[in-house]
Structure formats: C-alpha cells, structure tokens
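Okay, thanks for making the time, everyone.

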Amino acid sequence: MIREALIVSAILFSIGVAGVLVHRNALLLFMCVELMLNAVNLTLVAFSRLHGTSGQVFVVLVMTVAAAEAAIGLAIVIGVFRHYRTVDMGRIRLLRG
Amino acid sequence: MDLAQSAPVVWLLPALPLAGFLVNGALSLLPAWRDGDAPVSATRRTVVSVVGVGVMAAAFVLAVTLVVQLANGATEGIAGSLGTWMAAGDLRVDWTLRLDRLSGVMALVITGIGTLIHLYSTGYMAADAGFARYFAYLNLFVAFMLVLVLGDSLPVLFVGWEGVGLASYLLIGFWFGETANADAGKKAFVTNRIGDFGLLIGMFLLFAHLGTLDIPEIIARRADLSAAVATAICLFLFLGCAGKSAQLPLYVWLPDAMAGPTPVSALIHAATMVTAGVYLIVRMGALFAMSPVASLVVMVIGAVTAIWAALVGLKQWDIKKVLAYSTVSQLGYMFMAAGAGAYTAAMFHLVTHAFFKALLFLGAGSVIHAMHEGLHHAHVDADPQDLRNMGGLGKRMPVTATLMWIATFAIAGVPPLAGFFSKDAILTGLAARASSHDAPIAQAGLLGVPGSVWLWFAWGVGLVTAFVTAVYMTRLMRYAFTGTFRSGDVVAEGIHDAPMSMRLPLLALGLLTLAGGWLELPPVLPLGPVELLTHWLAPVTAAPMTALAGTPHLAHATEYLLIGIAIAAAAAGIIVAFVALEPARLATKDAAPAETGIGRVLANDYFVDTAIARVVTGPITAGSRAVLWRGIDLGLLHGVLATGSATLLRSVSWVGGQLQAGVAGGYAWAIALGALVLFAVFTLR
C-alpha cells in the first residue's frame, strides 16, 4: 500500500519538477510548485502509517505554509504583471548578477 | 717628516685624482655645465682644467717624493692600509696599497705621463661640450690605475683592474652619440670580461691552494704550490693579462677603442692601462718563474701577437689605427720579454714605449686636430684621420712633425733613442737565454719543442717585427708629413701647428723619448754599462729572473753582432718604406681603389672581426633571437604565462558568466540537475 503511495507521490513530484523546468508562465510555475508540495505531503502521509502521526502534523504545517506562500506568491505575480505587463519568467531577468 | 711612517699616505696617490673626479664629475652634472651643443665657456674650462691637471700634478709630485723616500731605504716599500675590506673565514683582505720599487716605476709613469696628457687634453678638448665630463672620467681612470699598480693584494688590484676597464669603457664611448663609438666601448668591456674571468679563476686557485691573496704572502709561500697548479694559475692569470693588454686572441677590442678621444688613446690605450698585463706578470714573476711552460706560453703568444699586429699596421689608413696595431705589437714585445723572464727588459720597454707611443698618439692627435680645423675651415666633409687625405703636413706643423719623426725613429729602434735600447734589451735577452745552458726556461719544453728553440723563434719574430715596425711607421710619417697635401689648398690654409697647451706635453715627451733609453745601457756600448733600472728593480725582479733564466750571458762579439742585426733591421725597414712607397701617387680616401689580395686581408685585420661575427656572435645572436626571444620570451613568458593565463581566466569567467544569466528557469534547471547528481551519488555509490 505504502509502495503505491510513494510511486504516485514520486510521479506527482516529477511532473511538478518537469513543469517548473519547462514552463515560463509564472502562474503555471506556481501550480507546479504546489504540485510538488502536495507530492511531498502525500509522502509524509504515507509514511505516517509506519511512524505515527508526526507525519500528518507536518502535512498540516506544510499546507498552512503553502497557503501563505500562495497568497504572497500570487501577490508578487500580480505586482510583476503590473510592472512588466507580462508574467513570462523568461523575459524577467532581474536576478542577473 | 718621514712619509713612510705616516701609514696611509700612499692612499693620497689615488685619492688626489679621485677628488678631481668627484669635483669635475659634480660640475659636469650641474644643469648649466652639462653637455650641450656649444663649447664650454673659457671660465668654466679654466676651472675644470685647474682641477683636472692640478690633482694630476700634485699626484706626480707626491709620487716623486715617495719614490725618493723609497730610494733612501724602505726596501719593503711604503705601505698604507685603510683597514679591513673583508674578513670571512680564512679570507682576510685589507685595503692596503704598497709602493715598492716596481709599483713606484709604474706610479711615476702613470702620474707623469698622465699629467702631460691631462695638460694636452685642455687644448685638444677645448671645443668639446663635454669638457668637464671628459676630465672627470680621465681623473677617474688615473685613480683606478694607481689602485691597480699599488694594490698589495689581488682583490685590491682587481678593484683597480675593473675600475680602469670602466673608465676605459666610458672614455671609448665618450662621444656616445654615434652608435659605432658606443659599440666600441661595449666591445672593449665584453672582451675584457673574458680575460677577467681568467684572472678571477687564477685568484680562486691561489686562495684554494695558499689560503691568501696578499701578493707578498703569495710570493713568500709559493713553494707550497705544486708545479702543475702553478702552471694552471699562471696561465689563468695570463688570460687576464691578454685581455687587458690586448694580446691574441683577445686583442680585437684595442683597434676599435680608438673611437675615443685621441689623448685617451695615448694615456689608456697605449701608455698605461694596456700595460697592466705586463705589470701583473712582472709583479707575479716569482710565480711565473716556477712554471717555465707557462712562461713559454706567454712568450710565444707575445711573439705571435707582435708580428700579427705589426703586419696589419702595414695596411691601415686611419692614422690612429696604425698606432693602435703598433701598440698591440709592442705589447707583444713586452710579453715576449716577460715570458722569457727578462722582467727588467719588459719594464724597460714598458716605460720607453709609454714615452714614445704617448708622443706618437699625441702627435697624431694634433694632426687630427689640425686636419679637423682645416676641413672645417674649408667646409669640406672628409675623414680627418685618414692618411690618404693628408700629405705635406711637415711644412705646416713643423714641431709636431719633428717630434713625431723622433718617436718614429725611437719605435723603429734607431740608436740612440729610447726604443732602440729597450728593444735591444729584449732581443739580446732572448738570444742570451736561447743560447744559455743553465736557463730552466731554455730546457723546458712546450708542445714537444725545447724552450731554446722557442726562444730563438721569439728572437727571430722580434727581429722581423722590428723591421715591419720600421716600415709601417715610416709609411705613416711619409704619407702624413711629406710630399704635397692631398685634400686641397683651401683645407691646407686652415691647418696650423698645435697650440701651446698641446705643444708643451709633446716637447716633454720628445725629451723623454730622446733620453729615456739612458736608464739602461748594455755594457758593450760606449758610456755603458748603465743599469739604473736593473738595480732599481733588483729587489723585486732579480730572484725570479735568476730562477727562470739563470744568469744568461753573451760574448761581447755576439752582442755586437746582435745589435748590428737589430740596427740593420730598423734601417732596412726605413729604407724600404722610403724606396717602395709613392706618396705622390696616392689617391684620397674617397677616390682610392679597393684593396685586393693580401692587402685586403691585412686592411681588414685578417677578417678576424668577420670571423668572430660568423662563428661566435652571429650564432649567439641568432640563437638568442630564435630561442630566447621568440621561444622563451615571446612564446613561454609572453604567450603561455602572461597572455595564456589571462586567456584561461577569461574563458573560465565566461563560463561562470553564462551560468549567471539571471533567468530563473536556468537556475531551476541547475537545481534540478544538481539534485539529480546528488541523488545519483548517494544512491548509486
């Protein structure tokens, strides 16, 4: 049972990673990051069957942080959009040193 | 006051010209006095002349005083020390100068002739912008020369040895505005370095085997040396002498050294510095006496040099070049005598040669001076030193001509002039040793040939050289002073005899040339025997001379015969030059046809310089270009290390720069790949 859960979680995580790598649209990136977080959540829940409830506590924590992150992240995306009139991350190069 | 008691008074001798160097050197550096385009003003010239000539005259007076002191006792010589120079382990060298009977003779020649030549220079260099600089250098030379001859240990002598080399370099390249002059200075310096290497090795060997470098101590303890070591030391020392005294194969620098002002050629490259090698051999005579083989080498090299250079002198057209080759040849004579162990004869010829060769050079100087003025007067651009452009100068400059004729007869060996007696002393000395049965040098062998044969060889070469000398000197005199002037009447109008400042030294040297030979007369001649020099030098030279040559003696009849042969050779040379040469048919330098055949070989000094350029300097230059310059400098240092490292850093930083593109996606890829690698490392290990 746990084996299948881990496989699903690995697949979900890989899809998330692939999405982050491939997409340029900030919203899509955002969704992919959420996907990765949730893949991790699934793993934690799966392992909590073996190691007690501490994994589920983590999941709640992660969801809370993810929610906060979504709020801040979307606000940044909106800010970026207002400034650049685009959310294409390939064209925003402010990280250049 | 007893000068010998107040210790460092000897140091005053070099200190006086050194003070002159400092004063004139400082003056020459003042902005207002520095070399300009215009001649130095008369006032400034007076200041410089008084300092330059004054210190020399003072040094001469001091030298005379000290030598008189020496004559009244003080057999060990008058020594003066300024303390220890260096002390390291067994080595201890003191700043000690010693005026003994040998160095006294040298000091008198240096300061005496030096004073005359300084005086002459005040006239000769009057129109030169570098007047103060010139006198500074000349004073510096005399200071170092005195350190050389007075040095009581080899290192102190070496200080003088290198110092005169420096002064010589500075004065050869005095007119450094022309590359040829600067090159001549460099050539002299580099050639001398080869000789100095030998001198240094000789010193190292002496220290290694005797543990001392003090000359009196070396001589006192020379018995500790084995014969082979003594021979090696002597040969290395002789290499040094050959460099300084322009003997084969290191003579090539001296003819080029004529690029300097003519009084410099007279003082440094004829009368004093180039005789340092002869002096060193006589000074170390006790050592050379231990090695008849090394002595034979010295003699044979001297003999070959004498005839080698004399033949070149036959075909030179530059008046100074003739005298330069003549100097090389006469130095060969001195080495012949020194090698044969006739140290007194060598010193005798050194002294008389200083007289008549200085006179010849100064006479040539006044000829060049006059020619220069004449050509200037007529606005003609021609070579003022070329014999072909002269002719008939005797009528225009009778004093110079008369005195130069005297010097010519002296160098040719016409009695009763100075050169006759000294040359005769050498030739009879050689013959006496060759026919002697108890002379170790005659019994020693070199290259399987007995010493007596070598001695006869040297005697024969000396005789032929005397003949050739008479020819080339008479040739010079006839081309310059007899017949008609070849550069045109306008030039001739501007030619005048030497001014008084130049005439006085000429007259003084003329007197010395006339009378110098009476220092030493053989017993067979009327008024003989006079043996002033022999007795004077006996404390230094008698023992080594006996050790090397026994007590050679010639029958009176033989001696008369030898003197007759020598006179005949000189007379034949003069007559040949008068009969065979045709000054009337001579063309000026620019119109002269090129030399052919043997004349071309001699005119170009056997193409020695060309050969050296082909065999030594050419390959070194080419190799330096290909390997050191293009290979190591441009290739390795510049290409690989300097430019290469910059290129490497740039490409590495380019790669780094590409990573920092600022695109978030790129960082994401990097993180993902990095995580993958870490994952692979941790799982697959």
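**Cores, helix pairs and a chain contact**

Let's start at one alanine. If we skip the neighbours within four places in sequence, Ala346(B) is in contact with Val278(B), Val282(B), Met334(B), Ala337(B) and Ala338(B). Before I go on, keep in mind that this is a predicted model.

So where does that alanine belong? Ala346(B) is part of the largest nonpolar core, which has 231 residues. Together with Phe141(B), Met336(B), Ala358(B) and Ala458(B), Ala346(B) touches the most other members of that core. And which helix gives the core its largest share? That's helix 15 of chain B, residues 343-378, with 21 residues. There's also a second, separate core, and that one has 6 residues, including Val17(A), Val20(A), Phe30(A) and Cys32(A). As a general point, nonpolar side chains in soluble globular proteins tend to be buried together.

Let me zoom out to chain B. We have 27 helices and 6 strands there. The C-alpha trace of chain B spans about 120 × 70 × 60 Å along its principal axes. Of the 685 residues in chain B, 52% are buried. Now take the chain B contacts between residues at least 6 apart in sequence: 82% of them join residues at least 24 apart.

Leu166(B) sits in helix 5 of chain B, residues 154-172. Arg685(B) and Trp11(B) are 674 residues apart along the chain, and their C-alpha atoms are separated by 86 Å.

On to helix packing. Two packed helices are described by the angle between their axes and the distance between those axes. Over in chain A, helix 1 (residues 2-22) and helix 2 (residues 26-51) pack at an angle of about 165°, with their axes 8 Å apart. That makes helix 1 of chain A roughly antiparallel to helix 2 of chain A, because the angle is over 145 degrees. The crossing of helix 1 of chain A with helix 2 of chain A is left-handed. Their contact has 20 nonpolar residues, 5 polar and 1 charged.

For the other pair, look at chain B, where the axes of helix 18 (residues 418-434) and helix 24 (residues 556-580) come within 10 Å and cross at roughly 130°. Helix 18 of chain B and helix 24 of chain B are therefore oblique to each other, and their crossing is right-handed. Who meets whom? On the helix 18 side of chain B it's Lys423(B), Asp424(B), Leu427(B), Thr428(B) and Ala431(B), and they meet Glu559(B), Leu562(B), Ile563(B) and Ala566(B) in helix 24 of chain B. By class, that contact divides into 5 nonpolar, 1 polar and 3 charged residues.

Last stop, the two chains together. How many residues of chain A are in contact with chain B? It's 11 residues of chain A, against 9 residues of chain B. The side of chain A that touches chain B has 6 nonpolar, 2 polar and 3 charged residues. That's my tour, thanks.

Note on methods:
Residues are numbered from 1 along each chain as its sequence is written. Chains are lettered from A and ligands numbered from 1 in the order in which they are written. This is a predicted model: local features need pLDDT of at least 70, side-chain atom pairs count only at pLDDT 80 or more; totals for chains, interfaces and linings use all residues. Axes are lines fitted to C-alpha atoms, for helices over the stretch in contact, and angles run from 0 to 180 degrees between N-to-C directions. Helices (H or I, at least four residues) and strands (E, at least two) are DSSP runs, numbered from the N terminus. Angles under 35 degrees count as roughly parallel, over 145 as roughly antiparallel, 65 to 115 as roughly perpendicular and the rest as oblique. A crossing is left-handed if the near helix is turned anticlockwise from the far one by less than a right angle, and right-handed if clockwise. Ala, Val, Leu, Ile, Met, Phe, Trp, Tyr, Cys and Pro count as nonpolar, Asp, Glu, Lys and Arg as charged, and the others, Gly among them, as polar. A nonpolar core is a set of buried Ala, Val, Leu, Ile, Met, Phe, Trp, Tyr and Cys residues joined through C-beta atoms within 7 Å. A residue is buried if 20 or more other C-beta atoms lie within 10 Å of its own, exposed if 12 or fewer, and partly exposed in between; C-beta atoms are placed from the backbone. Two residues are in contact if their C-beta atoms, placed from the backbone, lie within 7 Å.
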